[in-house]
Amino acid sequence: ASVATTPEGLVVDVTYAGSADAPVNAGTYAVAATVNDPNYEGSSSETLTIGKATASVVLGDLAQAYDGSAKTASATTTPEGLAIELTYDGSSTAPAGVGTYAVAATVNDANYEGTASGSLVIGKGTVSIVLGDLAQTYDGSPRLASVTTTPEGLTVNLTYNGNAEAPTGAGFYDVVATVDDANYAGSARDTLVIGKATVLVTLADLAATYDGTAKTASVTTDPSGLDVSLTYDGSSAAPTNAGSYVVAASVNDPNYEGSASETLIIAKAAAEVVLGGLSQTYDGSAKVATAATTPAGLGVALSYNGADDAPVNAGTYEVTATIDDLNYRGTAGGSLTIGKAEASIVLGDLTQTYDGSAKAATATTTPGGLDVAWTYDDSSTVPVNAGSYEVGAVVDDLNYVGSAAGTLVIGKAAANVVLGG
């Protein structure tokens with residue numbers, strides 16, 4: 001403190017709270033001043049007040065993330081290193097939970113004073129989310145994705161294509177997982193694939209007989225009642241004609257898949273064949289049997305003793321008739337008889353004269369040139385001697401039949417008679 005005396009310039013002893021040393025620190029001090037002079041005396045007392053200096057305070061670490069531990073703001077002072085008292089919403093206890101807290105910082109120092117305020121924001125902690133069970137198969141029940149969090153055990157809300165309900169049907173679903181927690185935030189996104197369930201497909205009614213109507217295979221599924229598309233040799237139209245057809249069955253359902261392949265056989269229907277024209281006569285042309293079918297008009301392949309060509313010559317032939325048709329089958333057998341044609345014979349040279357040589361009759365045939373077998377009085381030997389002979393002429397030919405009869409007369413030859421004596 002400063003001292004002034006009257007008269008001026010006197011020596012004065014000053015004490016501060018009883019000490020001769022002038023104080024430095026802030027505070028209130030009793031000041032006593034006493035004149036120290038041989039000729040003067042006097043004293044005075046007052047109070048010296050040293051006020052605290054103003055310090056600046058800057059708050060830091062006001063944005064932090066929740067991790068379960070208490071979160072304290074930091075404070076720096078000018079001058080450095082001053083003690084600071086912090087309160088959070090009026091409490092000296094540092095908060096741990098997510099939220100916004102009013103922070104008050106007050107310098108706690110003998111010589112300095114200062115304050116600062118701000119807001120400590122503890123944000124939600126970041127969570128690691130892993131989605132699982134993203135490939136499943138339809139079974140009629142809701143298909144839930146699984147979710148794990150780090151830290152564990154947090155509540156997570158799931159949506160599937162934006163819906164909270166887990167899907168049932170086969171398909172692709174956009175899964176969004178969002179943490180629902182007071183202190184943690186996080187999300188993840190992935191795709192849930194519900195595959196179609198495999199179905200057992202069984203084809204039946206694979207053997208049918210042609211009757212002019214379309215023949216469809218039947219199909220059953222397990223589970224039952226599913227829609228199934230059928231194709232026959234690649235066509236959706238069921239076949240009518242006899243034959244073998246590859247049947248492909250494919251399940252047509254949003255939630256199931258399955259297929260099967262078998263062969264549908266439509267057998268030819270039985271048809272009746274009746275042979276006709278089995279008795280004919282040789283005329284030099286091929287003789288064809290006839291065949292009537294029920295139903296009428298079916299193609300028929302004929303063979304004669306196993307050959308396709310119809311026979312010409314007289315004889316008996318085994319005929320086989322086989323239906324040649326896309327949708328019908330049937331056979332019949334019989335015998336075709338081609339009878340020999342009638343030929344006429346005119347006998348000649350029936351009157352001859354004995355001359356010692358065999359005398360044969362002659363024959364003219366129509367048609368000409370046919371071979372003839374002869375008998376004379378039932379003998380094949382041509383007669384020589386004079387006499388009357390019953391002549392039989394029979395056509396000897398593969399394709400002709402005919403005969404004639406007559407009498408061959410060999411007259412006696414004239415002889416010269418000379419009488420003598």
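# Working through the model: a few exercises

Lys359 sits in the loop that links strand E38 (351–353) to strand E39 (362–366); strands (E, at least two residues) and helices (H or I, at least four) are DSSP runs, numbered from the N terminus. Before you start, note that this is a predicted model, where local features need pLDDT of at least 70, side-chain atom pairs count only at pLDDT 80 or more, and totals for chains, interfaces and linings use all residues. Residues are numbered from 1 along each chain as its sequence is written, and side-chain values use heavy atoms, with hydrogens and water left out.

## Exercise 1: a lysine in a loop

Task: work out whether Lys359 is buried or exposed, and which side chains it meets through polar contacts.

Solution. 
- Step 1. Check the accessibility. Lys359 has a relative accessible area of 9%, so it is buried (buried is under 20% relative accessible area, exposed over 50%, partly exposed in between, with a 1.4 Å probe and protein chains only).
- Step 2. Look for polar partners. The Lys359 side chain reaches the side chain of Asp355 at 2.5 Å and that of Ser357 at 3.1 Å. A polar contact is a pair of N or O atoms within 3.5 Å; within protein, one must be able to donate a hydrogen and the other to accept it, and residues adjacent in sequence count only if both atoms are side-chain atoms.
- Step 3. Ask about charge. Lys359 and Asp355 also form a salt bridge through their side chains, 2.5 Å from N to O (a side-chain nitrogen of Lys or Arg within 4 Å of a carboxyl oxygen of Asp or Glu).
- Step 4. Widen the view. Setting aside neighbours within four places in sequence, Lys359 is in contact with residues including Tyr376, Val382, Pro383, Leu408 and Ile410; contact means heavy atoms within 4.5 Å.

## Exercise 2: other salt bridges

Solution. 
- Step 1. The count is six salt bridges.
- Step 2. Take Asp139 and Arg143, whose side chains meet in one of these at 3.1 Å, N to O. Asp139 is partly exposed at 46% relative accessible area, whereas Arg143 is buried at 17%.
- Step 3. Now go to Lys287, whose side chain meets that of Asp283 in a salt bridge at 2.7 Å, N to O. With 8% relative accessibility, Lys287 counts as buried.

## Exercise 3: the nonpolar core

Task: which residues touch the most other members of the largest nonpolar core?

Solution. 
- Step 1. Know what you're looking for: a nonpolar core is a set of buried Ala, Val, Leu, Ile, Met, Phe, Trp, Tyr and Cys residues joined through side-chain atoms within 4.5 Å.
- Step 2. The largest one has 87 residues, and Tyr160 and Val247 touch the most other members.
- Step 3. Look around Tyr160. Beyond four places in sequence, its contacts include Arg143, Leu144, Ala145, Tyr173, Val175 and Leu192.

## Exercise 4: a four-stranded sheet and Ile323

Solution. 
- Step 1. The order is E30-E35-E33-E32, with mixed pairing (two strands pair if DSSP finds at least two bridges between them).
- Step 2. Find the edges. Strand E30 (279–281) and strand E32 (300–304) each have a single partner strand, so one side of each lacks a neighbour in the sheet. The twist averages 25 degrees from one strand to the next; axes are lines fitted to C-alpha atoms, for helices over the stretch in contact, and angles run from 0 to 180 degrees between N-to-C directions.
- Step 3. Follow E32 to strand E33 (residues 315–323): they pair antiparallel over five bridges, and Leu302 stands opposite Ala321 in E33.

## Exercise 5: two partners for E11

Task: in which sense does strand E11 (residues 115–123) pair with strand E6 (residues 63–65), and in which with strand E9 (residues 99–107)?

Solution. 
- Step 1. E6 and E11 pair in the parallel sense over three bridges, with Ala63 opposite Val121.
- Step 2. E9 and E11 run antiparallel, joined by eight bridges, and Ala105 has Ala116 as its bridge partner.
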